[in-house]
Protein chains: 2
Amino acid sequence: MKSTRIPRATIQRLAAYVQILETLSQEGEKVISSEGLARACGVNPSQIRKDLAYFGEFGVRGVGYYVQDLLTAIKQSLGIDRIWNVALVGVGNLGRALLRHKILRKRGFMVVGAFDCDPFKIGEEIAGLEVYSSKRLQELAQELNVEIGVITTPPKRAQRAANYLVEAGVKGIVNFAPVRIDVPENVAVEYVDFIHHLFSVAFNISLNLSKGLF
Amino acid sequence: MKSTRIPRATIQRLAAYVQILETLSQEGEKVISSEGLARACGVNPSQIRKDLAYFGEFGVRGVGYYVQDLLTAIKQSLGIDRIWNVALVGVGNLGRALLRHKILRKRGFMVVGAFDCDPFKIGEEIAGLEVYSSKRLQELAQELNVEIGVITTPPKRAQRAANYLVEAGVKGIVNFAPVRIDVPENVAVEYVDFIHHLFSVAFNISLNLSKGLF
DNA sequence: TTCTGTGAAAAACTTCACAGCG
DNA sequence: CGCTGTGAAGTTTTTCACAGAA
């Protein structure tokens, strides 16, 4: 394992590799070359070899990578070779969808607590989980051994949700609310905002159109 | 307007600037400096000036940027100064959440058609929109003047959904399914996969933990 | 004076090209 | 022989630093 700082982009790509390798594994493929993997995820083959080299030597020269071994190695490198307990704050449309979506659990992220500040929602049961008052976050998160918080509140309540989560001792937050949040620097934050992707598509369409016209 | 190729990262950041500027605008702020904006979205001030310079000169030296003017200018540059018609394919948990979420519409993306291949879902009404058979995509998308497709199907059906959308003449696709899709190169594609962000947070937590231990 | 716009420098990231191992 | 692992080259993106306009 190298000690160089690992590019953020590499982490993003590793996540993509995991997805492709899991599909390959399900399809019964045993071996994949960097070129095959590259084609499957639209990047350069040496990019893949470089990305993997940050964490170790997982391939066999002249052969390629054993799908199952590589999958295990990447998951271990990313720290996703185990289950992470997650608390979800904000039970709106998006929050509900995430709670019902099996993908979180399938990927090793188990939502062990759902929280909201709306009295009408507190006590409701969604996907087998009771909705608790956000004020009980600190108390319950410790009890439930929560490590990651997911914020799906409206933008105005995101900072408060973040505060509760930090107080409750979570070490990472995935924020779906379209606002920046302030947290201590030892808390890892990721922002998810699909509107950005729609903007990006809109921009590219406009660009293509103008290329066609002139 | 410069003719250099605009970095993808710039487009992503412009989308973030839009969000912040809209908040500022609502709060009645008239002027913002590149430094203020930089602080609000966690980037370097000259990054912001560079990003904006790709599209023109929007600032006033010694003053900063007029919030409203800058907002208008960025929206125009991104091609989001108008309404885009969107077709959504795949009415599962995520699809439903997007249909009900007001944010799409608020940002200028109007879902004008919802499609699914499950006979049980066809005919259902969600957020005032009838669910149609995916097979009718081509016919209806043209009628409804759809320009962007959003795929929220399970991974296995994503490629078929993409094919339908391309046949229907959409020029851009936002794919929420965790698989790569093949489309003609004049169709802009963006992938949305929040699991990547959870992976990223998990990795960073693991990293912080190991830093703390050694 | 303040704060933008921008060349030039620095850093980060990607691709190349090939040595080296199975 | 084929494909990985990797230094070196190349490219892109970010940051610096300062000239110049309001």
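Which strands of chain A does helix 8 (residues 155–167) lie across? In this predicted model, helix 8 of chain A lies across strand 3 (84–89), strand 7 (148–151) and strand 8 (172–175) of chain A. Its direction is at about 165° to strand 7 of chain A.

- Chain A has an open sheet of 7 strands with mixed pairing, in the order 5-6-4-3-7-8-9.
- The edges of this sheet are strand 5 (125–126) and strand 9 (188–191) of chain A, each of which pairs on one side only.
- Strand 5 of chain A pairs with strand 6 (residues 129–133) of chain A in the antiparallel sense, over 2 bridges.
- A:Glu125 has A:Glu130, in strand 6 of chain A, as its bridge partner.

**The surroundings of DNA strand C**
- There are 24 residues around DNA strand C, and A:Arg13, B:Ser34, B:Arg49, B:Gly62 and B:Tyr65 come nearest.
- Sugar or phosphate accounts for 66% of the atoms of DNA strand C within 4 Å of the protein, and bases account for the rest.
- The side chain of A:Lys50 has an N or O atom 3.1 Å from a base oxygen of DNA strand C.
- A polar backbone atom of B:Gly59 is 3.0 Å from a phosphate oxygen of DNA strand C.
- Two elements give two or more residues to the surface near DNA strand C: helix 3 (45–53) of chain A and helix 3 (45–53) of chain B.
- Helix 3 of chain A provides the largest share of this surface, 4 residues.

**Cysteines**
- The count of disulfides over all chains is 0.
- B:Cys41 counts as buried because its relative accessibility is 6%, whereas B:Cys117 is partly exposed at 35%.

Note on methods
Residues are numbered from 1 along each chain as its sequence is written. Chains are lettered from A and ligands numbered from 1 in the order in which they are written. This is a predicted model: local features need pLDDT of at least 70, side-chain atom pairs count only at pLDDT 80 or more; totals for chains, interfaces and linings use all residues. Side-chain values use heavy atoms; hydrogens and water are left out. A disulfide is a pair of cysteine sulfur atoms within 2.5 Å. Buried means under 20% relative accessible area, exposed over 50%, partly exposed in between (1.4 Å probe, protein chains only). Two strands pair if DSSP finds at least two bridges between them. Contact means heavy atoms within 4.5 Å. Axes are lines fitted to C-alpha atoms, for helices over the stretch in contact, and angles run from 0 to 180 degrees between N-to-C directions. A residue is near a molecule or strand if one of its heavy atoms lies within 4 Å of it. A polar contact is a pair of N or O atoms within 3.5 Å; within protein, one must be able to donate a hydrogen and the other to accept it, and residues adjacent in sequence count only if both atoms are side-chain atoms.
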